[in-house]
There are 2 protein chains.
Amino acid sequence: MSGVSDLNEEAASRLRLLDQRYTRARRTLVGVLASAEAPLSIPQLLARDRALAQSSAYRNLAVLEQAGVVHRIVGSDEFSRYELAEDLTRHHHHHLICSQCGEVQDFTAPAGIENDLDRALQRVAAQHGFDADHHRLDLVGTCANCR
Amino acid sequence: MSGVSDLNEEAASRLRLLDQRYTRARRTLVGVLASAEAPLSIPQLLARDRALAQSSAYRNLAVLEQAGVVHRIVGSDEFSRYELAEDLTRHHHHHLICSQCGEVQDFTAPAGIENDLDRALQRVAAQHGFDADHHRLDLVGTCANCR
DNA sequence: ACTCTACCGAGACTCATTCCCGATTAGCAA
DNA sequence: TTGCTAATCGGGAATGAGTCTCGGTAGAGT
């Protein structure tokens with residue numbers, strides 16, 4: 001699978017920029033996230049691969065986030081969730097957040113909306129002397145499972 | 001000020017729906033939030049009025065949130081922040097979240113964008129069998145203070 | 001093989017948030 | 001006003017996600 005090896009290569013190269021290695025534990029994290037259909041919390045990650053140590057998972061996800069390989073999502077429950085960075089999975093997307101069970105699901109918005117939004121947000125940021133990094137557009141409600 | 005008494009009346013009535021009282025401590029919380037220029041964390045709330053007990057503040061904010069009087073915001077730092085519900089302050093708005101200091105600032109988006117967005121999100125929710133409650137549109141970056 | 005430095009992981013620790021429970025107070029009615 | 005009752009209060013203990021420590025391990029050279 002060239003998709004996966006590209007992913008690994010890109011991750012390794014982003015880590016190298018920070019003098020960080022792409023170790024087995026980090027490969028495992030990236031692998032689990034790549035095969036997940038939705039953002040995962042750390043307990044979920046640990047459950048999917050028993051070889052992962054909790055403290056290392058926290059440390060490594062922080063490193064991977066700094067390197068821009070993964071992205072942290074703060075939902076409505078008490079834990080944060082992780083997914084691969086958008087530019088590694090090739091599509092910009094947003095999140096459906098279930099306020100009952102905390103699960104997070106991806107969705108994409110029409111390109112037109114997305115463009116208008118970007119332009120508007122850029123203007124807003126400028127007006128407030130704010131240096132915008134990215135935007136978060138989430139839909140909060142009840143997922144099909146919890147209804 | 002009739003605005004404030006309206007606010008209190010509305011808060012009382014929303015609490016009554018849940019068989020909850022609008023007590024002094026709850027009035028204080030609402031008052032502090034009403035006079036704040038930005039969403040406040042619980043430490044910030046406690047600092048603004050020493051008469052507030054920590055455990056009661058947590059409990060009461062949870063009750064006020066259930067009653068739809070206040071709204072909880074999860075930012076980028078380790079605590080959540082609270083502000084009055086939008087329909088009590090009469091304008092729909094979004095947040096600028098500083099990833100350095102955690103401060104949160106309000107902003108409003110152009111009505112056109114907001115409408116398009118709503119329509120698009122409604123469609124997305126329907127497609128996913130998701131029962132949408134509200135959307136969150138936040139801009140994450142560095143505030144003027146931290147630059 | 002040697003060395004240097006990043007990395008590992010088990011467990012202790014931190015601290016925002018929640019829970020407990022006896023004391024207090026709001027609301028209501030006699 | 002005087003009870004009465006259930007909601008509320010608040011100080012402190014408990015919980016638990018996330019962080020830190022530190023002795024041991026393992027990559028990438030040389």
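Which residue in S5(A) is the bridge partner of A:His95? I looked it up, and the partner is A:Asp106. Before going on, I reminded myself that this is a predicted model.

**Entry 1: chain A as a whole**

I started by listing what chain A is made of. I found six helices and six strands. Reading along the sequence, I wrote the pattern down as α-α-β-α-α-β-β-α-β-β-α-β. Then I checked the box that holds the C-alpha atoms of chain A, and along the principal axes that box comes to roughly 45 × 40 × 30 Å. Chain A has 147 residues, and 25% of them count as buried. I also looked at contacts between residues at least 6 apart in the sequence of chain A: 51% of these join residues at least 24 apart.

**Entry 2: strand S4 of chain A**

Next I went to S4(A), which covers residues 94-98. Is this strand mostly covered or mostly open? It is mostly covered, as five of its five residues are buried. I then sorted the side chains by direction. A:His94, A:Leu96 and A:Cys98 point one way, while A:His95 and A:Ile97 point the other way.

Which strands does S4(A) pair with? One is S5(A), residues 104-107, and this pairing is antiparallel over four bridges. The A:His95 and A:Asp106 pair from my opening question belongs here. S4(A) and S5(A) make a hairpin with five residues between them. In the turn I spotted A:Gly102, with a positive phi of about 85 degrees.

S4(A) also pairs with S6(A), this time in the parallel sense, over four bridges. Opposite A:Ile97 I found A:Val140 in S6(A).

**Entry 3: where the two chains meet**

A:Val140 turned up again when I looked across to chain B: its bridge partner in S6(B) is B:His134. How many bridges join S6(A) to S6(B)? I noted eleven, and the two strands run antiparallel. So much for the strands; I then looked at the whole contact. There, 32 residues of chain B touch 32 residues of chain A. On the chain B side, S5 (104-107), H6 (111-127) and S6 (131-142) each supply at least two residues. S6(B) gives the most, with twelve residues. By class, the chain B side has 18 nonpolar, eight polar and six charged residues.

**Entry 4: the three-stranded sheet in chain B**

I moved on to another sheet in chain B. It is an open sheet of three strands in the order S1-S3-S2, paired antiparallel. S1(B) (40-41) and S2(B) (70-74) stand at the edges with a single partner strand each, so one side of each has no neighbour in the sheet. S2(B) and S3(B), residues 80-84, are joined by five bridges in the antiparallel sense. For one example I picked B:Ile73, whose bridge partner in S3(B) is B:Arg81.

H2(B) packs on this sheet, where it touches S1, S2 and S3 of chain B. The direction of H2(B) makes about 85 degrees with that of S3(B). H4(B) lies across S2 and S3 of chain B, at about 110 degrees to S2(B).

**Entry 5: two helices against each other**

How are H2(B) and H4(B) arranged? Two packed helices are described by the angle between their axes and the distance between the axes. For H2(B) and H4(B) the angle is about 75 degrees, and the axes are 10 Å apart. The two helices are therefore roughly perpendicular to each other. From H2(B), the residues in contact are B:Ala25, B:Arg26 and B:Leu29. They meet B:Ser56, B:Ala57, B:Asn60, B:Leu61 and B:Leu64 of H4(B). By class, I got five nonpolar, two polar and one charged residues in this contact.

**Entry 6: around DNA strand D**

Last, I checked what surrounds DNA strand D. I found 19 residues, and the closest are A:Ser55, B:Gln20, B:Ala25, B:Ala53 and B:Ser55. H4 (54-66) of chain A, and H2 (24-35) and H4 (54-66) of chain B, each supply at least two residues of this surface. Which helix gives the most? H4(B) does, with four residues. By class, the surface near DNA strand D has six nonpolar, seven polar and six charged residues.

Notes
Residues numbered from 1 in each chain as written. Chains lettered and ligands numbered in written order. Predicted model: local features only at pLDDT ≥ 70, side-chain atom pairs only at ≥ 80, totals over all residues. Near = placed C-beta within 6 Å. Nonpolar A, V, L, I, M, F, W, Y, C, P; charged D, E, K, R; others polar. Axes fitted to C-alpha atoms, helices over the stretch in contact; angles between N-to-C directions. Parallel < 35°, antiparallel > 145°, perpendicular 65-115°, else oblique. Contact = placed C-beta atoms within 7 Å. Buried ≥ 20, exposed ≤ 12 C-beta atoms within 10 Å, placed from the backbone. Pairing = 2+ DSSP bridges.
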